Amino acid sequence: MLTKAPKGTMDILPEISYKWQYIEDEIRRICRQFGVKEVRTPVFEHTELFQRGVGDTTDVVEKEMYTFNDKGDRSITLRPEGTAGAVRSFIEHGMFNNPQPTKLCYLISCYRYEKPQAGRYREFHQFGVEYFGTQNPSADAEMISLPWTLYKRLGLTGLTVNINSIGCPVCRKEYNEKLKDYLRARYDDLCDTCKNRFDRNPMRILDCKSPICKDIVKGAPLLIDSICEECSTHFETVKKYLTSMDIPFEIDPYIVRGLDYYTKTVFEITAKNENSNGTICGGGRYDGLVEELGGGSVPACGFALGMERLLLTMQEQGIDIPDTHKLDIYVGHIGDENAMFAQKLVADLRSLGICADRDHLGRSVKAQMKYANKLGVKYSIILGDEEIAGKKVNLKNMDEGTQKEIELSAEIIAKNIVKE
Ligand code: HAM
C-alpha cells in the first residue's frame with residue numbers, strides 16, 4: 001500500500017514526462033498566438049463554489065467530488081474541473097474592469113471520484129481556456145478552433161467536432177416541460193438516476209448511457225428544434241464562423257454536457273480510433289455562471305481537454321513525440337585526478353547553453369561511454385592527462401561514429417555542437 005499510488009492516479013515517469021512537456025510547449029505557443037493568458041488557481045476551493053457553479057444535480061457534484069472539512073471546519077473540495085475556479089478568480093480580482101474580452105487558460109490537475117479505466121482517472125489533467133466578456137458567436141467559434149488547431153498541429157487525424165445549442169434559460173424552461181410530457185408515459189422504465197433527474201434536470205436524461213433510457217429518448221422532442229430566435233441566430237452564426245475557418249463540424253442534438261452551467265453553444269471533440277471513454281475535449285457557452293457566482297452579468301464560453309486522453313489518442317494513432325530533452329554531450333574522463341577538470345568543463349558548457357553531463361559514480365572510462373550510449377547523447381569527449389596537457393580533444397559524434405580533433409575549450413566545443 002505504502003509503495004503504490006492511490007487507485008485512479010499515476011506517476012508521470014521520466015520516460016513519459018518529455019511527451020507531456022512537448023504538448024505543454026505546443027499549448028503555451030498556441031495560447032500566445034490566440035492572445036490567451038494563464039491563470040493559476042488553487043487545487044482546492046470552497047465546496048459551495050462547485051455546488052453552485054457546476055450544479056448540485058450533476059454527477060460530478062452528487063457523486064464524484066473529493067470533499068473534506070479542513071481543520072477550521074470549512075468544507076473544502078479538490079477541484080473537479082477548472083471553470084468554476086477561473087470564474088471565481090475573474091470575479092475576485094475584478095477582471096471585468098479590464099478591457100474585454102478576458103482570455104484565460106489553465107493547465108491543471110483535477111479530481112473526480114470515478115470508476116478508473118483507460119482514459120478515466122481520479123486524478124487527471126486538463127488544459128482549458130475561458131473567454132469572458134463577449135457574447136459574440138465569433139468568440140464561440142474561435143474558442144472551438146483553439147483545441148482543433150492544437151490537435152491538428154500535434155498530428156491527430158479522424159477528429160469530429162460535434163456541436164449543439166441548448167438554448168437559454170427561457171427557451172429551455174419551455175422545452176423541459178415538453179420533454180417531461182413526452183417522458184411521462186415511460187417514466188417507470190427510466191433508470192433510477194434518470195427518475196431522479198426527471199424533475200430536477202430532465203435534459204440530462206438525453207445523455208444517459210443506459211440502453212433502455214437511450215431507447216426511450218429516441219423519439220423525444222429535441223431542444224435544438226425549440227430554441228428561441230435569438231439562440232437560433234447565435235447558433236447559425238457560430239456555424240458560419242466555423243465554416244469560414246474551414247473547421248468541419250457535425251450537429252449532434254443529443255449533446256447536453258454533464259455540467260449545469262451551459263447556455264447556447266455546447267460542443268465535444270471525439271477522435272475516431274479513440275479508447276472507449278467518450279470525448280477528448282468538451283465545452284461551450286455559459287452566460288449565466290459569472291452572475292450565479294456573485295459577479296455581474298458577464299457572458300463567457302470555454303473548453304477543457306483531457307491531457308491523458310490526448311496522449312492516449314496520440315499513442316493509438318502512432319504519433320511519435322520527439323524527445324527534445326536528450327543531452328548534447330557527455331564529458332568522460334580517465335582517472336580520479338581529472339574528475340574536477342571534467343566537472344568545471346561541464347559547468348562551463350552548461351553556462352553556454354549546452355546540455356552536458358559527466359560521471360558521478362567513479363566508473364571506468366569504458367563504462368562511462370557505455371552509459372553515455374544508453375542515454376542517447378549525441379556527442380562525447382574523453383579527458384585524459386594527454387588531452388588536458390595538450391589542450392586538444394577528440395569530439396565524437398556518437399550517432400555517426402565520426403570524430404574530429406578540436407581545441408579543449410568550452411567555447412570551441414560548444415561551437416562544434418550541432419543541436420537538433
Ligand atoms: P468535462 O467534459 O467534464 O468539461 O471535461 C473536459 C475533458 O476532461 C473531457 O473531455 C476529458 O477529456 C477530460 N476528463 C474529464 N474527466 C476525466 C477523467 N475522469 N479522467 C480523464 N480525463 C477526464 C469540463 O470540465 C468543463 N470545465 C469544460 C469547460 C470549460 N466548459 C467551459 N469551459
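Trainee: Why is Arg-257 called buried?

Mentor: Its relative accessible area is 12%, and since buried means under 20%, Arg-257 counts as buried. Please keep in mind that the model is a predicted one, so that every value we discuss is computed from it.

Trainee: Where does Arg-257 lie, and what is said of its phi?

Mentor: Arg-257 lies in the loop between β8 (250–251) and β9, and it takes a positive phi of about 70 degrees although it is not a glycine. Lys-264, which is found in strand β9, is not a glycine either and has a positive phi of about 55 degrees.

Trainee: What makes Lys-264 count as buried?

Mentor: Its relative accessibility is 5%, and because the limit for buried is under 20%, Lys-264 falls into that class.

Trainee: How do you know that the structure holds zero disulfides, taking Cys-110 as an example?

Mentor: A disulfide requires two cysteine sulfur atoms within 2.5 Å, whereas the sulfur of Cys-110 is 13 Å from the closest cysteine sulfur, in Cys-281, which is too far for a bond. Cys-301 is in no disulfide either, the nearest cysteine sulfur being that of Cys-281, 12 Å away.

Trainee: Why is helix α11 (residues 307–316) described as largely enclosed by the rest of the structure?

Mentor: Seven of its 10 residues are buried, so the description follows from that count. The buried residues are Met-307, Glu-308, Arg-309, Leu-310, Leu-311, Thr-313 and Met-314. The elements that cover them include α1 (14–33), β5 (102–111), β6 (123–132), α5, β9 (263–271) and β11 (300–306). Just after α11, Gly-318 takes a positive phi of about 65 degrees.

Trainee: What makes α5 oblique to α9?

Mentor: Helix α5 (residues 137–153) and helix α9 (residues 229–244) pack at an angle of about 45 degrees, with their axes 8 Å apart. Angles under 35 degrees would count as roughly parallel, and 65 to 115 as roughly perpendicular, so the value found here makes α5 oblique to α9. The crossing in which α5 passes α9 is right-handed. In contact are Pro-137, Ser-138, Asp-140, Ala-141 and Ile-144 of α5 with His-234, Thr-237, Val-238, Tyr-241 and Leu-242 of α9.

Trainee: Why are α1 and α5 called oblique to each other as well?

Mentor: The angle between them is about 135 degrees, with the axes 11 Å apart. Roughly antiparallel would need an angle over 145, and roughly perpendicular one of 65 to 115, so α1 and α5 are placed in the oblique class. Their crossing is right-handed. Here Glu-26, Ile-27, Ile-30 and Gln-33 in α1 meet Leu-146, Thr-149, Leu-150 and Arg-153 in α5.

Trainee: In the open sheet of three strands, what makes β2 and β3 the edge strands?

Mentor: The order is β2-β4-β3, with antiparallel pairing, and β2 (44–46) and β3 (66–69) are the edges, since each pairs on one side only. From one strand to the next, the twist averages 35 degrees.

Trainee: How do you know that β2 pairs with strand β4?

Mentor: Pairing needs at least two bridges, and three bridges join β2 to strand β4 (residues 75–78), the two running antiparallel. Glu-45 stands opposite Thr-77 in β4.

Trainee: What makes β14 a partner of both β12 and β15?

Mentor: The requirement is again at least two bridges. Five bridges join strand β12 (residues 329–333) to β14, and these strands run parallel, while two bridges join β14 to strand β15 (residues 392–397), and these run antiparallel. Leu-383 is the bridge partner of His-333, and Tyr-379 stands opposite Asn-397 in β15. Strand β14 (residues 379–383) is also mostly covered, four of its five residues being buried.

Trainee: Where is the cis peptide bond that involves Pro-101?

Mentor: The bond runs from Gln-100 to Pro-101, with omega near 5 degrees, and Pro-101 is found in the loop between α4 (83–92) and β5.

Conventions: Residues are numbered from 1 along each chain as its sequence is written. This is a predicted model: local features need pLDDT of at least 70, side-chain atom pairs count only at pLDDT 80 or more; totals for chains, interfaces and linings use all residues. Side-chain values use heavy atoms; hydrogens and water are left out. Buried means under 20% relative accessible area, exposed over 50%, partly exposed in between (1.4 Å probe, protein chains only). Axes are lines fitted to C-alpha atoms, for helices over the stretch in contact, and angles run from 0 to 180 degrees between N-to-C directions. A crossing is left-handed if the near helix is turned anticlockwise from the far one by less than a right angle, and right-handed if clockwise. Contact means heavy atoms within 4.5 Å.
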